[in-house]
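Subject: Structure handover

Hello,

Here is the structure we talked about. Please open it first, then read the notes below alongside it.

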Amino acid sequence: MSDPWTPHLRAMQMHDLPAVLAIEETVFGDDAWPRSFFERDLANANSFYLALELTQTAANPAPAALIGYAGYWLLEEEANLMNIAIAPAWQGQGWGEYLLLETLARMAEKGAQLCTLEVRVGNLAAQALYHKLGFQVTGRRRRYYQNNGEDALLMACETLRRAPG
Ligand SMILES: CC(C)(COP(=O)(O)OP(=O)(O)OC[C@H]1O[C@@H](n2cnc3c(N)ncnc32)[C@H](O)[C@@H]1OP(=O)(O)O)[C@@H](O)C(=O)NCCC(=O)NCCS
């Protein structure tokens, strides 16, 4: 992880949406969520979205920047990861792993025991991240993605209970 940057993870707000949508459109292209999907989820009591900002330090006097986000729906003891993304310029530096680990911990704090998700069969980078953090493939949905008919893998993992203290 890049040493000069300090991560700050907080609840996503409506005013974050321009920065979120810029990342969303860059990483997902024609499958990007429109603003209305984020607005719907931010207004829903069972949905939780986190924004990852990097803040400046004395060693790196650059302005704070929103570089990623993750969101999930909480359905009793199951949390369904709806979205996770890191801006391309910040990928490959450990921030996605940091964000997902923190998200799994926050799911556990809200009472979820299991995290489930769907991922494109062709999205090997995301699958590698999920496998690294302990997710296992639990199924497959044929032609799940409407934009190109790609299959989805269903994956699941226990949420992350932080050690007390
Ligand atoms: C998936 C994503 C969130 C990973 O974030 P990231 O910050 O680039 O990942 P990290 O640097 O934290 O990497 C953590 C692990 O993920 C895996 N990984 C990340 N990028 C990878 C790549 N390009 N190829 C293969 N494995 C990769 C590796 O296992 C890596 O661990 P390692 O460094 O020990 O090898 C990011 O690539 C992204 O935003 N992708 C576009 C959006 C997306 O596909 N979201 C998932 C939808 S289901």
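E76 sits in the loop between β3 (65–75) and β4. The model is predicted, so please read everything here with that in mind. E76 has a positive phi of about 55°, and it is not a glycine. Most residues other than glycine have a negative phi. E76 is exposed, because its relative accessibility is 73% and the cut-off for exposed is over 50%.

R143 is another case. It is not a glycine either, and its phi is positive at about 50°. Its place is the loop between β6 (136–141) and β7 (152–158). R143 has a relative accessible area of 62%, so R143 counts as exposed.

Now the ligand. Which residues come closest to it? They are I84, I86, G96, N123 and K132. In total, 21 residues surround the ligand. By type, the shell divides into twelve nonpolar, six polar and three charged residues.

Several elements build that shell. At least two residues each come from α1 (17–28), β4 (78–86), α3 (95–109), β5 (114–120) and α4 (124–132). Which element supplies the largest share? That is α4, with six residues.

- K132: the separation is 2.6 Å.
- N123: the separation is 2.7 Å.
- Q91: the separation is 3.4 Å.

Taken alone, the ligand exposes 920 Å². The protein buries 69% of that area. As for the site, the space taken by the ligand is the largest pocket.

Next, strand β5, which also contributes to the ligand shell. Two of its residues deserve a look.

- L114 is found in β5. Is L114 buried, partly exposed or exposed? It is partly exposed, because its relative accessibility is 33%, between the 20% and 50% limits. The C-alpha atom of L114 is 6.5 Å from that of E77. Along the chain, L114 and E77 are 37 residues apart.
- R120 is also in β5. R120 is buried, because its relative accessible area of 16% is under 20%. Its side chain makes a polar contact of 3.0 Å with the side chain of N148.

One more residue, in strand β2 (residues 47–55): S47. Buried or exposed? S47 is buried, because its relative accessible area is 8% and the cut-off is under 20%. What does the side chain of S47 reach? It reaches the backbone oxygen of D41, at 2.8 Å.

1. α4, the element with six residues in the shell.
2. The β5 residues L114 and R120, with the R120 to N148 contact at 3.0 Å.
3. S47 and its 2.8 Å approach to the backbone oxygen of D41.
4. The positive phi values of E76 and R143.

Regards

Notes:
Residues are numbered from 1 along each chain as its sequence is written. This is a predicted model: local features need pLDDT of at least 70, side-chain atom pairs count only at pLDDT 80 or more; totals for chains, interfaces and linings use all residues. Side-chain values use heavy atoms; hydrogens and water are left out. A residue is near a molecule or strand if one of its heavy atoms lies within 4 Å of it. A polar contact is a pair of N or O atoms within 3.5 Å; within protein, one must be able to donate a hydrogen and the other to accept it, and residues adjacent in sequence count only if both atoms are side-chain atoms. Accessible areas come from the Shrake-Rupley method with a 1.4 Å probe; for residues, only the protein chains shown count as cover. On a 1 Å grid over the protein atoms alone, a cavity is a set of points where a 1.4 Å probe fits but cannot get out, and a pocket is an open set with protein on both sides within 12 Å along at least five of seven lines; lining residues have an atom within 4 Å of a point. A molecule sits in a cavity or pocket if more than half of its atoms lie within 2 Å of its grid points. Helices (H or I, at least four residues) and strands (E, at least two) are DSSP runs, numbered from the N terminus. Ala, Val, Leu, Ile, Met, Phe, Trp, Tyr, Cys and Pro count as nonpolar, Asp, Glu, Lys and Arg as charged, and the others, Gly among them, as polar. Buried means under 20% relative accessible area, exposed over 50%, partly exposed in between (1.4 Å probe, protein chains only).
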